[in-house]
Amino acid sequence: ISGNHDKPRFMAQASGDLIPGEDTKAAGWLREIGITDSTAYDKLLLFHAFNLTIPGVPVIFYGDEIGMTGANDPDCRKMMRFDGWNNRETKLWNNLAKLTHLRSQNPVLVYGDFINIETKPESWVYARKYFNKEAIVLINNSAKSSTFDVRLPKALKAENLKATFNNKFDMKSNNIKITLAAFNVEVLVN
C-alpha cells in the first residue's frame, strides 16, 4: 500500500518537509507542507516500481500517482487534483502508467516466483519467473548514478529482455551490465 488516509504522505517524508519524530498531525495544521526536494518524485517512482513488481496485490492511495504531499490526517486527505500538474507530477503519472500497464500485460509480475539476486545498502536486484517468462528489476536508491554488473542465477535464462524505461544494458553469458541514474529503476522483461 503506497499510503493511506491515517498517515502522512510519502512525498512529505521523502522530500524532508516533515521532520522525523515531529507531531505530523500538528505539522499539517501549523504550516503548509510542500515538496522542497524534488527527488522525492523519483523516490516515489522507486516505491511504485517495488510495489508493482513484488508478490502480492499492489494498492496505490489516491494522489500517490502524481506525488501529492501532506502531513497526517486531515492534511493527507486533500482533494485529488486531475489537472494543473507540474512536469514532475506528469512524469511520475506517465511512468506509473507504464508500470501498471507492464504488470497487467505480464503474468510474471503477478504470479511469478520471487528470486533475490543482489542486495546492497543503496541498490537491489531481483527477478520474477513464471514458466518461460522473466522480469529482472534493478533499483538504484542512491543519490548518484550507479553501474550494476550482475551475474544472474542459472535458474534465469534472461533471453530477449526489453527495457521498460529505455536504459541501455549489455547482456553477456548471464551477466547484466547497466548504469542507472540517481534514484532510478529499470524493469527488464521478456
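A salt bridge is defined here as a side-chain nitrogen of Lys or Arg within 4 Å of a carboxyl oxygen of Asp or Glu. By this rule, the count comes to eleven salt bridges. The model is predicted: local features need pLDDT of at least 70, side-chain atom pairs count only at pLDDT 80 or more, and totals for chains, interfaces and linings use all residues. Residues are numbered from 1 along each chain as its sequence is written, and side-chain values use heavy atoms, with hydrogens and water left out.

Lys 25 pairs with Asp 73 in a salt bridge, the closest N and O atoms being 3.9 Å apart. Lys 25 lies in helix H2 (residues 24–30) and Asp 73 in the loop between H3 and helix H4 (87–105), so the pair ties together parts that are 48 residues apart in sequence. Helices here are DSSP runs (H or I, at least four residues), as are strands (E, at least two), numbered from the N terminus. A salt-bridge network links Asp 6, Lys 25, Asp 73 and Arg 77.

Burial was assigned by relative accessible area: buried is under 20%, exposed over 50%, partly exposed in between (1.4 Å probe, protein chains only). Lys 25 is partly exposed at 39%. Asp 73 counts as buried at 19%.

Two further salt bridges were examined. Lys 129 forms one with Glu 134, with the closest N and O atoms 3.2 Å apart. Glu 134 is buried, at 1% relative accessible area. Lys 120 bridges to Glu 118, the closest N and O atoms being 3.8 Å apart. Lys 120 is partly exposed, at 48%.
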